[in-house]
Amino acid sequence: MGALLNSAVLALALDAGLVAGVLLLRLVRAPDSVSILDLGPLLVAAGVLTALVAFLSNLRRARSEDLLEAATDLLEKAYEKLAPEDESSQPSNRRLAWLSSARLVITAETLGKNITEPSHQLIYRERKEYWRTRLYDLIWPSIEGLPSSFYAESPEHMIAYSGDVRDPLSEKSLAFLYRFIRWPENMPDPLGDELKFTDDEIDRMLSFGPRGLGSLLAEARRLRQSGPL
């Protein structure tokens, strides 16, 4: 459909260019032979061309928005596949849940790469970072991470296991998801250029709040200035 419309636009543009060229040639060679009525076909072609270009632009934007929403929905579903039923429990350690979550993220990334509108690309990056952080907090809750027994009942089961034991998590799904939640090396931190609080700002906190934060920062500055701990 898109290819046909693009071909139609190109053909119409060539046709309009040909009509304009003929009129220009007549205007140069025999100005008196050209009337206002001769501009009719050119104006019609230009109007149709403008309408087609606008239609294609709207179509491309609508398709880009559809991809944005679909990719975001898949990221949310990937999180939900692993999310616990209540806040106090661990994420799901069902093998199929981790495989499904990894596949959903992969599909979301594939759709995300086909988003064409710059504004939609920016929105997708921000939404992806949101769900990346949610997944990080879920499957890497501390420096220790989840206990080894969460992934498999024993290390041997990661090599071979039978139906008598709980299915170990797929190493491929683990590798993909734990790589996904890491901050990309080639992506700059949006807070990278943000300056820390100035001394004046800290003094203002001590007077007008938040006083707890101001007190903490003032003491930290005093300790830093007094030398290494």
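This is a predicted model: local features need pLDDT of at least 70, side-chain atom pairs count only at pLDDT 80 or more; totals for chains, interfaces and linings use all residues.
Two notes on reading the values come first. Local features need pLDDT of at least 70 and side-chain atom pairs count only at pLDDT 80 or more, while totals for chains, interfaces and linings use all residues. Residues are numbered from 1 along each chain as its sequence is written, and side-chain values use heavy atoms, with hydrogens and water left out.

**Overall picture**

The protein has eight helices and zero strands, in the order α-α-α-α-α-α-α-α along the sequence. Helices (H or I, at least four residues) and strands (E, at least two) are DSSP runs, numbered from the N terminus. Of the 229 residues, 28% count as buried; here buried means under 20% relative accessible area, exposed over 50%, and partly exposed in between (1.4 Å probe, protein chains only). Contact means heavy atoms within 4.5 Å. Among contacts between residues at least 6 apart in sequence, 63% join residues at least 24 apart.

**Helix α3 and its two partners**

Let us turn to α3, which has 18 residues and reaches 26 Å from its first C-alpha to its last, close to the 26 Å expected at 1.5 Å a residue. The expected span is 1.5 Å times one less than the number of residues. Buried residues of α3 include Trp98, Leu99, Ala102, Val105 and Ala108.

Axes are lines fitted to C-alpha atoms, for helices over the stretch in contact, and angles run from 0 to 180 degrees between N-to-C directions.

| Helix pair | Angle | Axis distance |
|---|---|---|
| α3 (residues 95–112) and α4 (residues 118–139) | about 165 degrees | 12 Å apart |
| α3 and α6 (residues 171–180) | roughly 50 degrees | within 9 Å |

The angle with α4 makes α3 roughly antiparallel to that helix, whereas α3 and α6 are oblique to each other. For these words, angles under 35 degrees count as roughly parallel, over 145 as roughly antiparallel, 65 to 115 as roughly perpendicular and the rest as oblique.

α3 passes α4 in a left-handed crossing; a crossing is left-handed if the near helix is turned anticlockwise from the far one by less than a right angle, and right-handed if clockwise. Trp98, Ala108, Glu109 and Gly112 of α3 meet Tyr124, Lys128 and Ile139 of α4. By class, this contact has four nonpolar, one polar and two charged residues. Ala, Val, Leu, Ile, Met, Phe, Trp, Tyr, Cys and Pro count as nonpolar, Asp, Glu, Lys and Arg as charged, and the others, Gly among them, as polar.

The crossing of α3 and α6 is left-handed too. On the α3 side, the contact includes Trp98, Leu99, Ala102 and Val105, and on the α6 side Leu174, Phe176, Leu177 and Phe180 are among the residues involved. Its residues divide into 10 nonpolar, two polar and one charged.

Thr110 also lies in α3 and counts as partly exposed, at 45% relative accessibility. Thr110 and Leu67 are 43 residues apart in sequence and 9.7 Å apart in space, C-alpha to C-alpha.

**Helix α4 and His120**

The 22 residues of α4 should span 32 Å, and the end C-alpha atoms are 31 Å apart, which agrees. Among the buried residues of α4 are Tyr124, Lys128, Trp131 and Ile139. His120 is found in α4 and counts as buried because its relative accessibility is 5%. Leaving aside residues up to four places away in sequence, His120 touches Arg61, Ser64, Glu65, Leu68 and Ile115.

**A cis peptide bond**

Most peptide bonds are trans. The bond from Gly209 to Pro210, however, is cis, with omega near 0 degrees. Pro210 sits in the loop between α7 (199–208) and α8 (211–225).
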